Amino acid sequence: MVVGVVLLSLLGATAVALWCPAAWSVGAVLAAGVAWWLVNGPVEGAVLVELAPGRGVTVADLLVPPLAAVAAAAWLRARRRAAAHGLGRPAGAGRPSR
């Protein structure tokens with residue numbers, strides 16, 4: 001059950017990152033990806049590359065990099081689009097006034 005919840009959180013975080021591309025949403029995908037790598041043991045599949053005896057890259061491990069790349073690409077695209085339209089963060093935004 002934990003594996004399913006973590007998988008759904010990874011896919012959900014990726015959907016949120018596409019819907020609302022921001023640094024925090026990419027971070028959420030990365031955090032869910034790390035959680036996936038920690039719990040995916042029961043669904044790992046075949047070992048594709050053996051790194052050490054009993055350790056290697058499995059089919060399930062390949063799920064995280066493409067999802068993280070999609071989330072990061074959406075965030076970068078949104079930043080470029082905002083910069084092109086002059087919608088970047090104004091100078092001093094997010095800083096307390098003195």
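## Fold, helix packing and exposed strand residues

Read along the sequence, the protein follows the pattern α-α-β-β-α, with three helices and two strands, where helices (H or I, at least four residues) and strands (E, at least two) are DSSP runs numbered from the N terminus. This is a predicted model, in which local features need pLDDT of at least 70 and side-chain atom pairs count only at pLDDT 80 or more, while totals for chains, interfaces and linings use all residues. Residues are numbered from 1 along each chain as its sequence is written, and side-chain values use heavy atoms, with hydrogens and water left out.

Helix α2 (residues 23-39) and helix α3 (residues 64-84) pack at an angle of about 175°, their axes being 9 Å apart; the axes are lines fitted to C-alpha atoms over the stretch in contact, and angles run from 0 to 180 degrees between N-to-C directions. The two helices α2 and α3 are therefore roughly antiparallel (angles over 145 degrees). In contact here (heavy atoms within 4.5 Å) are residues including Trp36 and Trp37 of α2 and Trp75 of α3.

Each strand holds an exposed residue listed below, exposed meaning over 50% relative accessible area and buried under 20% (1.4 Å probe, protein chains only).

| Residue | Strand | Relative accessible area |
|---|---|---|
| Leu51 | β1 (residues 47-52) | 63% |
| Arg55 | β2 (residues 55-58) | 62% |

Leaving aside neighbours within four places in sequence, Arg55 is in contact with Val49 and Glu50. Buried residues make up 22% of the 98 residues in the protein.

Key
Angles under 35 degrees count as roughly parallel, over 145 as roughly antiparallel, 65 to 115 as roughly perpendicular and the rest as oblique.
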